[in-house]
Amino acid sequence: MTERWVYSFDEMRDAKRDAGNDWEAVRALLGGKGANLADMSALGIPVPPGFTITTKACIEYQALGEHIPEGLWEQVEDALTRVAAVTGRTFAEPSNPLLVAVRSGAQFSMPGMMDTVLNVGMNDHIVDGMIENTGDARFVLDSFRRLLQMFGTVVLGVPSEEFEKVLSSARNEAGTDNELDEAVLRSLTTSFKSLIDASASQPFPTDPTSQLHDAVEAVFRSWHSRRAYDYRQASGIDHNLGTAVNIVAMVFGNAGPASGTGVVMSRDGTTGESAIEGDYLMNAQGEDVVAGSRPTKPIADLVSEVPECALELFATARLLENHYRDMQDIEFTIENGRLWILQTRSGKRTAQAAVKIAVDLANEGLITRDEALLRVSPDQIDTLMHPQFTAQDLASKPVFARGLNVSPGAAVGIAVFNPDLTQQWSSQGHHTILVRPETRPEDVHGMLSADGILTATGGRTSHAALVARQFGKPAITGADIEIDLLARTVTSEGTTIHEGEWLSLDGATGTVYQGKLATTAAEVGNDALSTLLAWADQRRVLKVRANADDSLEADRARKFGAEGVGLCRTEHMFFDSDRLPIVQRMILATSEAEQRAAIEELLPIQRQDFIGLLQAMDGLPVVIRLLDPPLHEFLPSRSELNRQISELERQLPEADLNQKTTDLTDLTNTRTLLARVETLSESNPMLGLRGVRLGLKLPHLTHMQVQAVVEAAAEVARDGGNPRPEIMVPLVGHHNELAQQRAMIHATITETETRLGTNVPVRIGTMIEVPRAALTCEQIVEHADFLSFGTNDLTQTTFAISRDDAESAFLADYLDTGILDKNPFSTIDASGVGRLMRIAMRDAQKTAPNIEVGICGEHGGDPESIKFCHQTGFSYVSCSSYRVPTARLAAAHAALEGNPTPRNTTSLSAIGTS
């Protein structure tokens with residue numbers, strides 16, 4: 001039996017049956033666009049007649065080496081005959097021709113990433129017949145030149161810039177597209193044919209059936225285009241899904257003054273407000289709106305131009321939003337006063353809008369709170385936590401230009417005018433702003449690489465706006481700027497910015513500033529975000545703590561919802577310019593007395609640090625890690641000291657007597673320091689004297705830090721606070737190390753409490769960050785009140801690679817070539833490092849069933865790693881303060897994973913009864 005490759009829009013029952021009555025399976029078969037067109041058709045919404053070639057056909061086409069599967073074309077011809085019968089028009093018939101649009105439609109929305117060809121079915125004879133039949137030569141010729149341009153670009157591979165050069169010249173003489181008269185359009189069609197003949201490997205096919213055949217294959221091939229691949233890669237969409245092809249009877253927005261086309265969203269995609277927004281053009285076709293080739297009009301103006309269609313459109317938008325229970329992005333065409341809906345899909349939205357829409361839909365009863373949580377991704381929360389511009393800096397910098405605020409956020413970077421160069425410079429660590437007249441799908445790699453996007457044309461539903469919203473890129477479109485791509489400059493009101501000079505974009509206001517603006521930290525002050533995170537807190541099981549090394553960071557983390565400090569890295573407290581000399585004296589001391597004196601000098605400083613942390617996290621646990629890094633990190637490098645010695649030796653002969661005396665003293669001291677540094681140097685310091693080894697080697701240092709913790713806790717308690725300090729021993733590899741260090745810590749706690757006459761409970765735990773500790777956790781846990789996985793070092797020691805060296809030398813290649821599918825320093829390597837963690841958990845719980853276990857590496861803010869921690873049964877994750885809101889939502893997602901979002905039962909019931 002021949003595989004079924006084609007479903008007409010009125011055959012949704014068949015598609016539903018063949019997909020097992022599952023809505024997502026229907027979408028997988030017909031693609032999102034095809035499924036929704038069929039669904040709308042069943043609901044009685046005005047959809048042009050048409051049919052869908054399934055995603056399976058695309059997959060089979062690729063498997064056959066780009067050959068049409070057996071039986072597909074016969075099914076296409078049958079379906080086309082049925083469309084002809086419904087429309088009363090005949091494909092390839094000059095007197096009353098049926099023209100069709102050939103449009104892509106993947107399972108997951110990929111706006112503009114794959115190809116479309118409109119007006120398929122035209123040739124010179126059909127053009128003559130249509131002119132005779134309609135009496136409107138301008139409309140017919142405009143449609144034909146669009147077919148030539150799209151077919152030439154999409155199917156025949158002629159660079160779009162070549163057509164744009166010709167079209168731009170015509171526009172310069174006549175005005176905008178809808179002002180090109182019959183004579184100009186005839187000239188354009190002739191020029192476009194000549195251009196195809198000169199540039200393409202084959203001429204434009206005059207046979208309508210050949211056009212259709214070639215257009216379908218072009219859409220299939222576009223699934224593997226660079227822009228589509230880059231988009232899927234960035235969106236996490238499977239590369240093996242394939243695209244459907246939708247063949248739809250043409251309805252014409254360019255048929256005259258009572259015709260038009262546009263895009264409308266049922267809610268504001270930028271802010272999330274419950275208000276219709278969108279853009280439209282009269283006497284235009286769809287690509288004019290999304291490409292930004294003409295200034296669009298706000299959708300509210302449609303009421304004054306075609307009031308009945310506008311009211312019907314707005315009512316349809318609300319109907320579809322209620323039907324699909326989500327904000328909808330709707331493409332429409334008005335043909336001579338009649339409304340047609342060409343597509344609906346869940347609208348792309350900014351992170352800010354995603355949160356507000358999810359909360360509002362839940363409060364309106366359209367979705368549940370759990371669905372609202374799942375509608376917002378942790379990455380979107382992360383985007384909301386990006387810095388914003390400071391009000392003071394905004395007031396001090398000159399405004400360069402203004403445009404539409406289509407995607408909020410602060411973006412600061414150097415102006416770049418080419419997407420390839422943007423990608424190159426961004427990969428080299430530069431911050432970039434991609435500046436284009438308008439963006440096209442083939443620019444997507446540059447858009448994904450840039451920090452922000454600025455275009456001269458385009459509206460709120462332009463390609464740039466949609467992609468920017470999807471990926472959380474600050475963007476401004478339709479700005480009052482002039483771009484010279486040859487000179488690589490952008491000019492506004494007499495001021496010119498050259499490529500490589502700084503621009504700052506405020507996507508929230510649509511303002512472009514000249515120069516480099518400062519930014520300020522984000523705040524969780526959004527009512528909708530606070531509501532959503534409160535719902536997340538009700539559903540998550542994992543607690544979320546923060547990595548914080550001072551009271552300011554701890555205070556910020558608590559405002560972001562942290563439930564304590566999971567890691568205070570005390571070594572970060574010693575790098576301050578006032579403290580570093582004391583630490584260096586401790587390290588370089590030549591006697592125990594000198595060493596102890598330096599350590600004692602650090603005691604009041606540490607005590608004050610810990611007071612601030614315990615006060616900021618009053619009533620919540622604060623895990624304080626004892627000094628961890630190798631001592632060389634506190635000292636100048638040998639290369640730097642040698643450079644200083646060489647410089648002093650060079651200057652010495654030229655110095656006067658007083659200066660020479662000073663230089664000789666400096667030279668002697670520097671040489672002494674170099675000798676001491678060389679004495680302390682280690683072949684591999686990251687695996688040398690650090691962590692617990694350092695604590696055992698320098699017991700006075702351990703004693704000082706523990707004493708400072710207890711004294712700080714006692715002072716906070718005396719002031720009425722509720723301190724909950726926990727001391728963590730780093731880099732333990734053997735249980736005897738922890739046993740000895742714990743005894744030392746316990747003795748200091750007892751001694752300090754006795755001296756102070758106080759009793760502040762202090763828990764003592766350890767980090768599991770080397771494989772041996774994970775494999776012997778059953779023994780280690782006998783000496784620990786809690787465990788915390790240091791996933792950064794555990795990953796390094798398990799893989800036997802240095803993170804810094806790997807990321808600069810070969811890790812990118814490993815990811816590109818597929819040796820690794822994810823960066824193990826960003827997402828926990830579940831099969832390797834994760835297995836060690838599970839073994840450690842299992843063995844620890846044999847001895848201590850209720851042991852508290854967390855992680856404190858930056859994996860604690862990664863959603864996939866949080867999911868792993870939830871599944872493994874951890875107590876908490878700890879991450880940087882700005883990732884705390886992200887972790888809260890990710891932990892809720894992990895808890896809800898077993899309860900997927902209910903399928904769209906409204907759609908299925910409507911289909912079943914239509």
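Let us start with a pair of facing residues: Gly-50 stands opposite Val-248 in strand β5. The model is predicted, so to speak of local features requires pLDDT of at least 70 and side-chain atom pairs count only at pLDDT 80 or more, while totals for chains, interfaces and linings use all residues. Residues are numbered from 1 along each chain as its sequence is written, and side-chain values use heavy atoms, leaving out hydrogens and water.

Helices (H or I, at least four residues) and strands (E, at least two) are DSSP runs, numbered from the N terminus. Strands count as paired if DSSP finds at least two bridges between them.

| Pairing | Bridges | Direction | One facing pair |
|---|---|---|---|
| β1 (residues 6-8) with β2 | 3 bridges | antiparallel | Val-6 and Ile-53 |

**Helix α4**

Helix α4 (residues 72-87) has 16 residues and reaches 23 Å from its first C-alpha to its last, close to the 22 Å expected at 1.5 Å a residue. That expected span is 1.5 Å times one less than the number of residues. Which residues of α4 are buried? They are Leu-72, Trp-73, Gln-75, Val-76, Ala-79, Leu-80, Val-83 and Ala-84. These buried residues pack against β1, β2 and β5, and also against α3 (55-63), β3 (100-106) and α9 (208-222); contact means heavy atoms within 4.5 Å. Just after α4, Gly-88 adopts a positive phi of about 75 degrees.

**A buried glutamate**

Glu-726 lies in strand β27 (residues 724-729). Glu-726 is buried, with a relative accessible area of 3%. Leaving aside residues up to four places away in sequence, Glu-726 touches Arg-545, Pro-621, Val-622, Val-623, Ile-624, Arg-763, Phe-786 and Glu-852.

**The protein as a whole**

Stepping back, the secondary structure comes to 38 helices and 31 strands. The C-alpha atoms fill a box of roughly 105 × 75 × 50 Å along the principal axes. Of the 914 residues, 55% count as buried. Among contacts with a separation of 6 or more, 70% come from residues 24 or more positions apart.

Conventions
Buried < 20%, exposed > 50% of the residue type's maximum accessible area, 1.4 Å probe, protein only.
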